[in-house]
Amino acid sequence: MTTRAYSCPNGVTITGSAEPGFSQILNPKALGFIADLHRRFNAPRLALLAARMERQKVLDAGDDPDFLTETADIRAGDWQVRPAPEDLQDRRVEITGPVSRKMVINALNSGAKCFMADFEDASSPNWANMVQGQLNLRDANARAIDFEDKARGKPYALNNDPAVLIVRPRGWHMDEAHMQVDGAAVSASLFDFGLYLFHNHAALKGLNSGPYYYLPKLESAGEARLWNMVILHAQKALGLPVGTVRVTVLIETILASFEIDEILYALRDHIVGLNCGRWDYIFSYIKRFGKRADRILPDRAEVSMTSPFMSAYSKLVIETCHRRGAHAIGGMAAQIPVKGDNAANDAAFAKVRADKEREVKDGHDGTWVAHPGMVALATEVFDMHMPTANQVTRLNGFCVRAADLLTPSEGAITRAGVRTNIEVGILYISSWLRGQGAAPIHNLMEDAATAEISRAQLWQWRTHGARMEDGTPVNTEFLQSQFDEVLGNLKAQTGTDNWIESRNDEAVLLMRDLVFDDEFTEFLTIPAYELVK
């Protein structure tokens, strides 16, 4: 039922509840701005999503992606992107996290150079989270954000030197079901992007900053061109000069890695860099080659950034970015500090240090961490090996072939790996259904991308009857038995009342559907959204 609390322009309907302050974010002018973006750009968005599915059919038939012959002139050309603004010159450590109010304050105060406020994989997209998140970011840019943890009696306030704010909207594949324009749900990308730009461009100018974004899940230069058209129109509509909006694109799909130059070129007036979104990249590899028995990956724990195909992808991003004057930002360190276990804590910090040393020595200009406790360590590593603000002018001469990106890493499938995938998938989905999109599980900060890997690996292993290191086939019967054992252990640890309250039964049903359905579901967040919206 449409709530009457919102004053909507013609053709616009809001079906989400009206919490305190929501009508300020969803005022008539802001809604009109989003509606205009929808009417202009939703049809090409849907066409690009359909093109993804057509491309999938070709991949399923055995075709291998390659660098495009029709854009060879772009790759060979002598061009560069627009230089980064001053406050994005040094991005050595970026922290990521959801848009909840306390997290926004803690991340901005963390000592990191930048904070990626995430409406996407680290946030569960229920209505309250998405609109309250916009309020939180507006207040942060107005330097008027605070929070009191009443249960702990602890106040939170912004310090005098907060991180630079970068916003990640949801991907092209997601809708925002609570806003309809002319009877159709709006793109979640346009909703998140448009509201942040509309409400914050003036305040950000006063801070000598700007509306900065991370653009997720792109699979082609065509999708980048659509974003560029959206940005150009939005800037014009708000009277902003070209280049006011600046973006960093996550190279987190296998197909995008074959169009890196083309993506940079399509967004050359607005892009400042690329990021190696490693977890989604692994998920994309499994998804796009899910029906290929020759492209099976081992346990997730064995697919590291030193795996040849992952290393090739990272080095291709670095070399291409630096050739074009763009920043190359490294991937996420998912480890978090471990309280009460010194050995486990030392091991977590050692893994982060090794990962960040690899990145900076390879040539990355910055990196990601998931927890404030890892900021100082990552900063120390980059300070030691990168004394300048960045190393954009560094060229290594990396040469990456198509086969380097496509050859799967070697390693074993183990019973422990199977069970971990089942457990992580269930626990993460249940957290997501409860409204928490970033979940600490087994001393790692998990988000939607790692849950996607978990269920995608199980689906692919089952589809092809992949064999574990002891010769046991990962077939339906075996996976059913492993689900039963994992569930028994989880229920014993959780207790009956907590199990039900945690929405674990719903998570189990969804996880089973994702693993045992004959056809692969494109994103788990699409059916999961039906359970939270």
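Which residues form one aromatic cluster with Trp172? I looked up Phe193, Tyr196, Tyr213 and Trp227, and they form one cluster with Trp172.

**Ground rules.** I am working on a predicted model, where local features need pLDDT of at least 70, side-chain atom pairs count only at pLDDT 80 or more, and totals for chains, interfaces and linings use all residues. I number residues from 1 along each chain as its sequence is written, and I take side-chain values from heavy atoms, with hydrogens and water left out.

**Aromatic pairs.** I find 17 aromatic pairs in the structure. Rings of Phe, Tyr and Trp (its six-membered ring) pair if their centres lie within 6.5 Å; planes under 30 degrees apart are stacked, over 60 edge-to-face, and the rest tilted. I checked Tyr285 and Phe289: they are edge-to-face, at 5.1 Å centre to centre and 75° between the planes. Both Tyr285 and Phe289 are buried (under 20% relative accessible area; exposed is over 50%, partly exposed in between; 1.4 Å probe, protein chains only).

Next I took Trp459 and Phe520, which pair edge-to-face with 5.2 Å between centres and 75° between planes. This pair links distant parts of the chain, 61 residues apart: Trp459 is in helix H15 (residues 448-464), Phe520 in the loop between helix H18 (504-516) and helix H19 (525-529). Helices (H or I, at least four residues) and strands (E, at least two) are DSSP runs, numbered from the N terminus. Trp459 counts as buried because its relative accessibility is 2%.

**Charges over rings.** I count a charge as over a ring if NZ of Lys or CZ of Arg is within 6 Å of the ring centre and within 35 degrees of the ring normal. Arg268 has its charged end over the ring of Tyr265, 3.9 Å from the centre. Phe289 has Arg295 over its face, at 4.8 Å from the ring centre.

**A sheet.** I traced an open sheet of 3 strands, ordered E1-E7-E8, with antiparallel pairing. Strands pair if DSSP finds at least two bridges between them. Strand E1 (12-14) and strand E8 (184-187) are at the edges with a single partner strand each, so one side of each has no neighbour in the sheet. Strand E7 (residues 175-181) is joined to E8 by 4 bridges. I see Glu176 opposite Val186 in E8.

**Lining of a pocket.** Which elements each supply at least two residues of the lining of the largest pocket? I noted several, including strand E2 (93-98), helix H4 (101-108), strand E12 (327-333) and H15.
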